[in-house]
Amino acid sequence: MSSTSAGRPGTWPASRLFLACFTKLATKVSHAAKLFNAVQKAQVSWVRIRPLMSDPIYDHYQKEEKVINHLTFDHVTTFYHGYPETAVKDINFTASANEIIDITGEVACGKSLLGKALVSEADYQGQILLRTILMVFTKFHVSNTLTLIAVKELPWTV
């Protein structure tokens with residue numbers, strides 16, 4: 001027997017049509033209910049956090065930081081520990097804050113060795129001097145839109 005009603009092809013009985021429409025409507029109502037619940041939760045959360053957002057945040061703090069002001073290599077000869085034949089000899093230069101120094105050379109000529117001497121990973125003779133300034137940062141939170149940062153320099157030598 002085919003799914004015909006009263007012998008007409010392509011028609012559904014009323015009970016089947018009702019069941020199909022009910023299922024489709026129930027699915028749409030379920031989606032609408034989930035959306036309504038999500039909106040309701042968001043409104044409740046907003047009521048809870050809104051007063052916290054209008055209060056100013058007072059985060060005053062002070063931070064000290066050493067900043068390199070001058071770097072000096074004074075008659076520096078550097079070599080890998082135990083291998084004096086790998087030396088880079090008699091290097092002299094001074095660099096100030098915000099200067100860019102370019103050290104160029106052939107492969108394996110000692111460019112990285114100078115950097116290792118600076119951080120004491122390689123032996124060296126002569127003087128490597130770092131003159132630093134102690135920067136004191138003080139932050140004052142004035143309002144939600146204004147923050148002041150005061151910077152004070154203090155002499156500091158390493």
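User: Which residues belong to the largest nonpolar core, and what makes a set of residues a nonpolar core?

Analyst: The largest nonpolar core holds ten residues, namely Leu71, Phe73, Val76, Val88, Ile91, Leu113, Leu114, Ala117, Ala122 and Ile128. A nonpolar core is a set of buried Ala, Val, Leu, Ile, Met, Phe, Trp, Tyr and Cys residues joined through side-chain atoms within 4.5 Å, where buried means under 20% relative accessible area, exposed means over 50%, and partly exposed lies in between (1.4 Å probe, protein chains only). Two or more residues of this core come from each of β1, β2 and α2, with helices (H or I, at least four residues) and strands (E, at least two) taken as DSSP runs numbered from the N terminus. The model is predicted, so local features need pLDDT of at least 70 and side-chain atom pairs count only at pLDDT 80 or more, while totals for chains, interfaces and linings use all residues. Residues are numbered from 1 along each chain as its sequence is written, and side-chain values use heavy atoms, with hydrogens and water left out.

User: Why is the pair of phenylalanine 73 and phenylalanine 93 called stacked?

Analyst: A search of the whole structure finds one aromatic pair. The ring centres of phenylalanine 73 and phenylalanine 93 lie 4.7 Å apart and their planes meet at 15 degrees; rings of Phe, Tyr and Trp (its six-membered ring) pair if their centres lie within 6.5 Å, and planes under 30 degrees apart count as stacked, over 60 as edge-to-face and the rest as tilted, so this pair is stacked. The pair links distant parts of the chain, since phenylalanine 73 belongs to strand β1 (residues 61-80) and phenylalanine 93 to strand β2 (residues 83-96), 20 residues apart.

User: Are phenylalanine 73 and phenylalanine 93 buried or exposed, or in between?

Analyst: Phenylalanine 73 has a relative accessible area of 4%, and is therefore buried, whereas phenylalanine 93, at 22%, is partly exposed.

User: How do you know that the buried residues of α2 line one face of the helix?

Analyst: In helix α2 (residues 111-118), Leu113, Leu114 and Ala117 are buried. Seen down the axis of α2, these buried residues fall within an arc of 105 degrees, so they line one face of the helix; the arc is that of the directions from the helix axis to the C-beta atoms. An α-helix has 3.6 residues a turn, so residues three or four places apart point the same way.

User: What does leucine 113 touch, and what makes a contact?

Analyst: Contact means heavy atoms within 4.5 Å, and leucine 113 touches Thr78, Phe79, Tyr80, Thr86, Val88 and Ala122, not counting residues up to four places away in sequence.

User: What makes the phi values of histidine 75 and aspartate 90 worth noting?

Analyst: Most residues other than glycine have a negative phi. Histidine 75, in strand β1, has a positive phi near 50 degrees, and aspartate 90, in strand β2, likewise has a positive phi near 50 degrees. Histidine 75 is partly exposed at 47% relative accessibility, and aspartate 90 is partly exposed at 43%.

User: How many disulfides are there, and by what rule?

Analyst: A disulfide is a pair of cysteine sulfur atoms within 2.5 Å, and by this rule the count comes to zero. Cysteine 21 is partly exposed, with a relative accessible area of 48%, and cysteine 109 is partly exposed, at 39%.
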